[in-house]
Each structure stands twice: as structure tokens, then as C-alpha cells.
Amino acid sequence: MIARLRRAIRLQPLPIIAGFATLALIVGARAVLVESQRANRAAARDTIEYQEQLSGLLSLAQDAESGERGYLLTGEKSYLEPYRRAVEAIPGQLARIDSATAPDDQIAQQIGHIKAALSKQQAELAETIALYDRGDAAKALQLVRSGQGKSAMDDIRASMDTIRRIGAAAVAARDEHTDQVEAWLRIGSLAALLGIFLLGVYTIRQSRRRFREVVVAQEELMRKNIELGNEIQTREKAESQIRQMQKMEAVGQLTGGIAHDFNNMLAVILSAMNLAQRKLKRGEHDIEKLVEAATDAASRAANLTSRLLAFSRLQPLAPQVVDTNRLLTGMSDLLRRALGEGISIETVLAGGLWKIHADPNQLENAILNLAVNARDAMENDGKLTIETVNSHLDEAYASTHADVAPGQYVMIAVTDTGAGMSPEIITRAFEPFFTTKPVSKGTGLGLSQVFGFVKQSGGHVKIYSEPGEGTTIKIYLPRFFGPGEPAAPAGREKSAVKITETILVVEDDARVRASTTDVMRELGYTVIHAASGQEALQKLAATPGIALLFTDIVMPVMNGRKLAEEALARKPGLKVVFTTGFTRNAVVHNGVLDHDVHFLAKPFTIEQLAAKLREVLDTK
């Protein structure tokens, strides 16, 4: 009896141990199921991201095709921009897809099909564009109609659909397996609970308590997730508001700078003209200083407009093949006059320097701006070094600098021994109207003009500086690979040709038309003027001796470009000079003047007008 009692006492804990073991098994199985569900969700997210990458690749292929079709239909180069962006982005997208592709033979095979079809599609697009560029539009369209590109796109879509089906099947299989495990676990849990019920109320209460804790934890997790989502939305809204405020602050700074400088210049002009009027009414003729002051203010206002257009990358450029070393050598006298005797200048010119394709006048202005800034930083006492070298910006550099394309560049470095810049100043150095100089020493547009010109020319500009260690500003301009000899510096000798030509001036603004006509007559030309394109064509037909058409570009009904085309069709050999204050198209595309276009930006001086007219009229 005692032995049985002892044995019962020894066996008494066994059901409890078995019950807790069963409970532990259930909890463990639940944990495995939860982890399996998490893995399934992660796999589903990976599948969705993978599908999105494939969709992005398909979108790039469609963008390339749309750009090519638009170019073939219109002949406008701007339609090729989506094509170029897509062609540049496709290799990177393929690399991302390859890195995310699971080691699955079926998917890898379909990816291989996509790559092959994509290669065929890109080859077909490139070939049609090349044919069109060579003037064989019929053959290009024939190639489009052959259906090669459509067949390649159909293959791409078919392979992507196959990959989607494979991914969907895998997700469904994982879900089905998880459902089966959960069903068996539910049955086992019920059976185990029936067994555990025999352990008594305590075990049941403990189980219920634990279950309630799990529910509470899930509800708490859901609440935390909701709070986190709300916090993310609030933060995104706040960041959006901050970005908008920064934009408005930048616009306000730009507007304020423009208003300040223009109001100062207009104040000088108005004051000088009012004083001149008063003196003339009194019979006094000593107004030369007043006229000079007004002219100087107007010139500075025109220069301000030019610099703002340069910063906005909207100035009309006339790029040529440029030998940078020759250009810098030709600037030596100009630099010495601008910098003064207190600044020593050293040039380090690389041998075998590559050619670039840029506007030489704007490049000279950029270098001069950097040199003048360096002079001011050195307070007219120091050393300026200008260096040229062939440079290569690799993928690693381009990945850390926005808007930089990897490739070969000609680098022009301007180094001074001045006070240097702090990191805070470097970050704002290219902002328009930002300057550390005294009010009377600078407008804050020099570096912004350099920045705009370099970016519009497809280049890159970088500042290296530390306080007390001087500053180096490096300009990178793309290497020119095409044929052509560098343009020789323009001669400055005045022509002694006797002026006998007749010029037709077309301008819709009566005041500008009158002033332009008076200036040309002052130069000795016979001038006929018109207020519209239709009137100009009538006077061209009525006056056979017209040698040159001087027309504004922006005019109602018929703009200057259309007028010039119609005039040349009626009178081949007619010389044409375009003028305007600003235009985005007509004779300027992507910031570059069209080929063989003669252009004179408003406002212009008498000397600039005289030089341009003789340059065009004397052209054979």
C-alpha cells in the first residue's frame, strides 16, 4: 500500500508534465506557423517588388519605343529624350532584376528570353533612328511596319506573364501549405485542450490568461502600427511643407535680388534722363555725363538679364570646337588687365589636351568671372593659377554627384590663395544673388552664371575650399569626339567697306522698331521697316534691292522664323539676322542656336549691331 502510494505520488506529476509538454508543443507549433506566415508575407512582398521591377523594365521599353515613334512621326529631336533616358536606364534595371532573380531555372529562362527580346527591340529602334537620321525615312518606316519591334515587345510581355504565373503559383502553394498546417494545428490544439482539461481549472485558467495576453499583444501591435502610420503621414506632410517653404524662400530671394538690382539701375536711368530733360529745357547741353550714367545702368541691367538667363540655362549658346589652351593663351592680356598688378598669374596647360564643344565667348566669361572672384577673395594680393588637364569622371564619382554623366572631360581649374570658404558658404555659392562681398562689390551672380553655363553645356562644376587655405573651382566640359578644327579667335579689325545696302527691319513693337531703324540709318544703311510678317513680305516683294532681313522672333500670327523661311523661299540668297529678348524655340533649341543662324540678343549697342550686320553682309 505504502509502495503504491509512493508510486502514485511519483506518477502524480506526470499528467501535469505531459500537459505542459503538450501546451509547449502547441505554442511552439503556433510560433512556427507565425514564422511561416511572416516568411510567406516576406516572399509575397519580394514577388511584388520583383513584378514591379519587371513592370518598370517594360515601361522603359515602351518609353523607348514611344520616343522613337514620336521622332519618326515628327522629326523633332526632343521626342528622342524619352528614348535616350530609357536606353540609359535599361541596363541598370536589368542589373537590379538579375540581382533579385531567384535561383529558379524556369524564371532564369524567362529572364533570358526577356533580355534577348529586349536586345532585338533596342536594335530595331536604334536602326530605325539611324536610318531616319541618314534621310532614309521610308526604309525606317518599312522597318517599323515589319513588326519586328512589336514581336519583340510581345515576347517580352509573354515572358513577363509567364514569370507572373510562376510567382503566383509559388505564392498560392505556400499559402495552401500554411493553411494545411494551420488546419492540422487547429485539430491538434482541440484534442490537446480536451486532454489538458483533465488537469483542472487552474490549467484552463492559465491557458485562457495566456490566450488573452496574446490577443492583447496583437491589439497593442495593431495600435502601434496605426500610430506609426499616422506619424509617418504627419512627418511626410511636415517635410512637404518644409520643402515648399524652402522653394518659396528661394523664389523670394531671387525675386528680391532682381527687384533690388533692377530698381537701382532704373533709378539711375530715370534720374539721369530727368536731369537731362531739365537741362535741355533750360538750354544747357552739358548732359554727356548723365547720358553715360544712364547708358552704363542700362548695360548693367542687360548684363543682369544675361546672367539670370545663364543661371536658368536659357541663354542661346553658339557652341564651336574649342582648343581650351589656345583660348586661355588668348585671354592672358585680358586677365592681367582685369586682375591688376597685385595678382600674379600662372597657367599650367596640359599637353595633348582634348577639344571641347562649347560657346567660346561664354567660356571666356566664365573663366573671367572665376578670376575676378579670386581677385576679390585675395584682396588684390596673391597668386592665381589656371590649369587644364584631361580628366575622366568614373561611375563611382557620378553616383555621388547628381546630373553628372561618367565619361571623358576637359578640366579647367582656377585656384587662388585667398581666404577660402566654409562648408556652409560652399553649399550656397552657386545661388543667384548670394554673395559674401560688401554691397558695392558684387551682385552675387558671377558663380551662378558660371554654374548655368557649365550645366547647359553638359558639364560639371565643383568647389574645393577650406577657410584660410584658398579655393579651387574646377570646370569639367565634355570631350568633343566629332570632326572639325578649333575655331580661330575672331578678328577685331573694323571693316572699311562702304555701306550701301538696304535692310528690312521687322518689329511689332513700335518704339523698338523706331529706335532700331534710327540706329541703322545712323550707321549709313537704307532702312525699310514693317510691323508684321505679312507687311514685311509685301515690302520685300515691292523692294527688290533688300540685302538683309532683320526680324524679331516673337511676333503674333507669323513669328520671325516663319517669316524668314517664307522670305528665303521668295528671295533665295537673302541674308537674315534674328533678334529677341528671350525665346525657348524658333531658332534656339535645347539652349543652342540652330545651325547657320545669325542671332543678336536684345538689348544691343550700336557697336554690336554694326559688327553683326557687317559680319552677316560680308559673308560669302
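Axes here are lines fitted to C-alpha atoms, for helices over the stretch in contact, and angles run from 0 to 180 degrees between N-to-C directions. This is a predicted model, where local features need pLDDT of at least 70, side-chain atom pairs count only at pLDDT 80 or more, and totals for chains, interfaces and linings use all residues. Residues are numbered from 1 along each chain as its sequence is written, and side-chain values use heavy atoms, with hydrogens and water left out.

**View 1. Helices H16 and H17 pack together.** H16 covers residues 533-542 and H17 covers residues 560-570, with an angle of about 15° and axes 10 Å apart. (Helices are DSSP runs of H or I, at least four residues, and strands are runs of E, at least two, numbered from the N terminus.) The pair is therefore roughly parallel, a label for angles under 35 degrees.

**View 2. Here are the residues where H16 meets H17.** From H16 come Gly-533, Ala-536, Leu-537 and Leu-540; across from them in H17 sit Leu-563, Glu-566, Ala-567 and Arg-570. Contact means heavy atoms within 4.5 Å. Sorted by type, the contact has five nonpolar residues, one polar and two charged (Ala, Val, Leu, Ile, Met, Phe, Trp, Tyr, Cys and Pro are nonpolar; Asp, Glu, Lys and Arg are charged; the others, Gly among them, are polar).

**View 3. Glu-65 sits in helix H2, residues 13-74.** Its relative accessible area is 17%, so Glu-65 is buried (under 20%; exposed is over 50%, partly exposed in between, with a 1.4 Å probe and protein chains only). Leaving out residues up to four places away in sequence, Glu-65 touches Gln-121, Leu-125, Gly-149 and Met-153.

Terms used. Angles under 35 degrees count as roughly parallel, over 145 as roughly antiparallel, 65 to 115 as roughly perpendicular and the rest as oblique.
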